[in-house]
Amino acid sequence: MELKILWLYHDIKDVFGDMGNLQVLKKRCHMRGIDCFVTTCGIKEEADMSMYDLVYFGTNITGKDAYVLEDLRQRKDGIVQALNSGVFFLLICGGFQAFGKRYLYEDETIDALGVFSYQSDYRVKAPCIGNVRVSSSLVTQEIIGFENHPYRISGITDPLGKVLLGKGNGDGMTEGYVQEHVFGTNLHGPLLPKNPALADKIIELALQRRYGDVALQPLEDRYEQKAREALQKRFKIA
Amino acid sequence: MRTRIAIIAVTLSKWLLSLLGRGGSLPGAIALKIDPDFLSKLIYPEHVVLVSGTNGKTTTANQLYEVLSNNGWKTISNLKGDNMKMGIVSLIGSHTGFDRKVRADAVVLEIDELNIPLVIDEMKVSALIMNNLFRDQGDRLGSVEALTKRIGDSLRNFSGLLVLNGNDANVSSLKQYAPHARACYFGVGCSEVSQHSAKEAGEGKFCPSCKKQLSYTYYNYAHMGEFICPDCGFGNFDYAAKAENIQKDGSFTVNGMPFTSPQNALYAIYNCCAIIAYTQSIGICTDVIVRTFASFEFRAGRTETINVHGKPVTMMLIKNPAGANETMKYIEDDKEMKDIVIIVNDAEGDGRDVSWYWDADFERIMQPDVAHIICSGLRAYDMALRFFYSGYEGDLQVIEEPSAALDRLLEYKEHAYVMANYTALAPTRALLERKAR
């Protein structure tokens with residue numbers, strides 16, 4: 001079995017631990033004997049997204065990064081085609097916003113890619129910063145993450161989960177966005193090292209198109225559990 | 001009258017604290033309580049220079065202080081890095097006479113980036129040296145672009161000299177915000193260690209003016225390099241000081257004159273060039289600068305070695321990706337077998353966002369010559385995950401309690417390194433000093 005990942009815009013603002021999410025997906029595949037390949041696709045580079053099992057789009061680009069958005073818009077047909085053919089999309093922060101309808105600023109409104117109907121609203125008073133806990137029916141484990149975003153996401157119909165701590169999409173109620181083969185989230189830091197169950201869910205969904213339902217064998221997750229416990233202990237005190 | 005009472009209060013409280021063997025920013029806090037406009041009421045000497053930037057502020061300010069002192073000027077400076085407004089008020093207040101005159105020929109102030117807007121219009125600042133802007137404590141400062149704008153917006157009325165790193169796109173864009181200021185630029189030329197592509201660059205990819213992608217001729221470290229915007233021409237500055245002919249021993253030339261940096265790392269040469277650009281602009285003779293660089297010694301702090309019963313332990317500060325990468329280059333240069341303790345917290349002063357663990361190039365120490373890596377501190381397991389998932393093949397341990405982690409390190413026979421982040425550094429030094437007794 002193999003998992004082919006396309007990392008979109010690895011060359012733009014590679015901050016907030018995007019690379020970590022990819023290393024987690026890769027290592028968790030390897031530990032189960034699944035080959036995992038990560039191909040990068042930078043600005044102006046060509047890639048046929050339908051050829052991949054998973055497209056990863058992170059970074060912290062915003063509506064003001066016209067140069068990247070321009071490049072992204074030219075890929076829209078390929079993206080829609082890949083989505084329709086069951087390629088899994090993992091969208092984090094900048095990527096999550098970019099797939100929405102538009103960005104709302106005090107002084108202007110900028111069109112995003114428009115694949116989904118939610119929008120990023122930058123007309124907020126205070127940024128959302130801090131640790132986040134989310135409960136999602138998709139994963140057995142509570143999702144623990146970190147958020148640091150000066151916008152709220154409005155118009156979400158299908159959230160990834162319910163917020164137990166933090167602001168999530170901005171209202172303190174819901175976090176992220178989900179479709180059958182799409183996860184979008186505001187959580188970075190990176191998200192996956194401390195959320196092995198979520199990482200495995202993503203791998204399973206990404207393998208589905210070519211291999212059907214795959215049951216991944218459980219891993220030890222020693223450091224992961226300890227890292228989660230250390231934070232959960234703190235959440236209890238607070 | 002208020003100002004005078006405040007002057008007395010600072011002087012007295014600072015003296016009392018010094019009797020207790022303490023320093024800090026409390027006297028400044030008292031002064032500002034008594035007179036909130038304290039800083040704007042004083043009479044300043046001709047040279048009041050702010051030194052800022054994400055990395056290297058303390059070293060650059062200390063080094064500049066010595067140049068000015070060696071020039072025969074009575075210079076005052078917050079040498080220990082009390083770099084918030086309160087700390088600055090403490091320093092200046094305790095050197096101010098009853099006539100409101102600051103008793104010094106020159107004032108060198110290391111200043112936190114976000115504190116620049118709080119003082120720049122209040123004091124008579126003659127120059128602002130800005131070294132670099134990296135992602136750091138992301139949750140406190142916001143993105144580098146937002147930080148640049150905040151600093152820039154505070155420079156609208158500034159009419160002094162901006163001494164800017166011309167190899168840092170965000171820093172060099174500060175002139176655009178300051179119509180009344182003069183600007184001079186410093187930089188470091190291409191050398192053997194320069195790269196043609198940047199694998200560590202998080203910032204500086206887009207033109208601050210027109211947002212198009214910048215084109216770089218070379219990178220020195222992180223995103224520091226010579227760039228130009230193919231669209232609007234931003235970049236390629238006329239340098240007041242540009243290091244050339246850079247040698248491995250830290251020697252280099254500026255406009256044909258030879259200098260030697262106190263440290264051979266490129267970031268140290270940037271610090272030197274900032275000082276050369278500034279001090280030459282105020283007419284200080286080259287001899288004084290060369291002599292100061294040659295005799296400069298680093299104060300306790302960012303990198304130091306403590307001898308624990310015959311075992312040297314080298315301790316280093318890591319607080320953001322760019323700084324951590326430079327620190328790890330230093331460790332990499334040691335080709336012997338090594339053990340490393342990494343102590344990381346996520347307290348207020350560190351920034352709560354730990355994502356930078358993944359943006360820093362820790363792969364540099366995931367090498368066969370690193371026998372043990374011990375992760376410690378409040379975020380020990382997050383750091384352990386960094387090494388676990390990135391394929392470190394040596395012995396990885398987690399000992400959350402720093403004292404026990406250091407004890408384990410002292411049991412091993414290899415060269416010992418300790419990397420600690422901001423709030424972990426001082427307690428770690430205290431622990432090592434206690435163990436050394």
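Strand β8 (residues 128–135) of chain A runs antiparallel to strand β11 (residues 161–165) of chain A, and the two pair over 3 bridges, where strands are DSSP runs of E with at least two residues and helices are runs of H or I with at least four, numbered from the N terminus, and two strands pair if DSSP finds at least two bridges between them. Within this pairing, Ser135(A) has Lys162(A) of β11(A) as its bridge partner. On β11(A) there is also an antiparallel pairing with strand β12 (residues 174–175) of chain A, over 2 bridges, in which Lys162(A) stands opposite Thr174(A).

This is a predicted model, in which local features need pLDDT of at least 70 and side-chain atom pairs count only at pLDDT 80 or more, while totals for chains, interfaces and linings use all residues. Residues are numbered from 1 along each chain as its sequence is written, chains are lettered from A in the order in which they are written, and side-chain values use heavy atoms, without hydrogens and water.

Rolling a probe the size of a water molecule over the atoms shows where empty space is left. The count comes to 3 cavities of 30 Å³ or more, a cavity being a set of points on a 1 Å grid over the protein atoms alone where a 1.4 Å probe fits but cannot get out, with lining residues having an atom within 4 Å of a point; points are joined across faces, edges and corners, and the volume is the space filled by probe spheres set on them.

| Cavity | Volume | Lining residues by kind |
|---|---|---|
| Largest | about 100 Å³ | 6 nonpolar, 5 polar, 4 charged |

Strand β9 (residues 143–149) of chain A gives the largest share of the lining of the largest cavity, 3 residues. The second largest cavity is lined by residues including Pro190(A), Lys194(A), Val354(B) and Trp358(B), and α12 (356–359) and α13 (380–389) of chain B each supply at least two residues of its lining.

Definitions and conventions:
1 Å grid on protein atoms, 1.4 Å probe; cavity = no way out; pocket = protein on both sides within 12 Å on 5 of 7 lines; lining within 4 Å. Nonpolar A, V, L, I, M, F, W, Y, C, P; charged D, E, K, R; others polar.
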